[in-house]
Amino acid sequence: MQKIELFGGRQLHIPTMYRQEKPLILMSTASAIPNNLAVDQMGHRRFADQVAVIHPGYISIIPIDCEEQKTKYVAVRSSAGEAALAQVSQVMWCKLGNEVWFIIASTLGIQVFDSSAEKCFFSHPCRDGLDSAEVSSPQLATIGSNLLCVGMFVFNSALTHIYSIYGYVSLFNYHHRFFAWICFDLAGCFCLLFQFPGNNVGSLYIFHLFDQQSEAVLVQNQRGHKYGISAIAGPSDQVTDDVIASGDQDGNVVVWAVNRDHLHKDATFSSYGFACTSIHIWHKLIVVAYGSGHIRLFSIHPTAAMLVEVAAHARWITALDLAPDSGRLLSVGEDSLVRVWQIREEQPMIEHRFHSSIKDSMLVGGRFLTSNGSAFCVSSYDSCEVHCFHIS
């Protein structure tokens, strides 16, 4: 953002502009899954090394600006190590303890790989005795330094598992009627979410995992929502590390206080008539995207209240990302638009900074490539291109 001094001491704010760069090329088209884009971006002000995009039954990992690395394909495998038919709902890189891991969430459960996605160190079916036909794709979120939260969709019930793993979280949303997400927490736990079409509810399981050799221990089974959970997120910075937020397909948002390895309801925001499609927590603000195309900012403390509402997109918002170092917010939607916003804790709390239209595209994913938001990329359904933008 540039500032120009005007007569009388006033300042004119010129929106930050991004320029479009050469796209990354996929070998096949991206699946129609919201938040269908993950980036390997660890550490403050470091540029992402690679991106991942979901295709039917496998994941493409594409290096950024590195001619020595080649595109890698990661197939979903069963517990026996054999390739299996499964619907991948979300992938992410996260830091667990002192290691960076690559996580796959699918109808087979979750699988934790090393950062190169070559060796699987941990897996769990996340079925809890249910038949495979009764469980949709799981979603993930981390809480603190050693808890994994797993969300499930089951008929007439909802559960939450929490496993203990060291690292963080990234957020994911499944499709309009099959919602699921991954959240990104600096400290390091995972939360898994499932959903079914129809009358469903969302719950949280909390697991504690000590190390790679230890069994995951169920420490809490918390019913979280009357409706299926469609989004979940932990803090994107270290300012607020004791809360987690979850949203459901009816549009309700629940804020949870984290007390060691247990969750307690802290606040609830009622529905606005459309499903929550993405959630981020930044400082003491909760940023929520909805199927109506709206973005709403809520306060956590001292009082729980809606602060700002923006009609951001003409159709469903399919992905949301936040740059923790700068407060820049990235939103993409089915209206072919990608927008960049600036959020802050004082007025004006949200400002529009940039937009671009990807012609004839239904955008399904968008992520910043740096922690300060100086670059980002977006993916489109039925397209082999990942469009990249850098700040001018």
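How many bridges join β26 to strand β27 (residues 328-333)? Six do, and the two strands run antiparallel. The legends below describe a predicted model, in which local features need pLDDT of at least 70 and side-chain atom pairs count only at pLDDT 80 or more, while totals for chains, interfaces and linings use all residues. Residues are numbered from 1 along each chain as its sequence is written, and side-chain values use heavy atoms, with hydrogens and water left out.

**View 1. The open sheet β26-β27-β28-β29.** Four strands form this open sheet, in the order β26-β27-β28-β29, with antiparallel pairing. The edge strands are β26 (317-323) and β29, each of which pairs on one side only. Neighbouring strands here are turned by 20° against each other on average, direction ignored. Strands are DSSP runs of E with at least two residues, numbered from the N terminus. Two strands pair if DSSP finds at least two bridges between them. The angle is taken between axes, which are lines fitted to C-alpha atoms; angles run from 0 to 180 degrees between N-to-C directions. Leu 322 stands opposite Leu 329 in β27.

View 2. Phe 368 lies in strand β30 (residues 363-368). Its relative accessible area is 3%, so Phe 368 is buried. Buried means under 20% relative accessible area, exposed over 50%, and partly exposed in between (1.4 Å probe, protein chains only). Contact means heavy atoms within 4.5 Å. Not counting residues up to four places away in sequence, Phe 368 touches Tyr 18, Val 39, Asp 321, Leu 322, Ala 323, Arg 328, Leu 329, Leu 330, Gly 373, Ala 375 and Phe 376. Leu 322 and Leu 329, opposite each other in View 1, are among these contacts. Arg 328 is another residue that Phe 368 touches. Phe 368 and Arg 328 are 40 residues apart in sequence and 9.2 Å apart in space, C-alpha to C-alpha.

View 3. Six of the six residues of strand β11 (residues 109-114) are buried, so β11 is largely enclosed by the rest of the structure. Strand β10 (residues 99-106) is joined to β11 by six bridges, and the two run antiparallel. Phe 102 has Phe 113 of β11 as its bridge partner. Two residues separate β10 and β11 in their hairpin. Strand β12 (residues 120-124) is also antiparallel to β11, with four bridges between them. Here Ile 110 has His 124 of β12 as its bridge partner. The β11-β12 hairpin has five residues between its strands, and Ala 117 in the turn has a positive phi of about 60°.

View 4. The peptide bond joining Gln 347 and Pro 348 is cis, with omega about -10°. Pro 348 lies in the loop between β28 (337-343) and β29 (350-357).

**View 5. Two aspartates with positive phi.** Asp 360 is found in the loop between β29 and β30. Its phi is positive, about 55°, although Asp 360 is not a glycine. Asp 360 counts as exposed because its relative accessibility is 73%. Asp 382 sits in the loop between β31 (375-380) and β32 (385-391). Asp 382 is not a glycine either, yet has a positive phi of about 60°. At 53% relative accessibility, Asp 382 counts as exposed.
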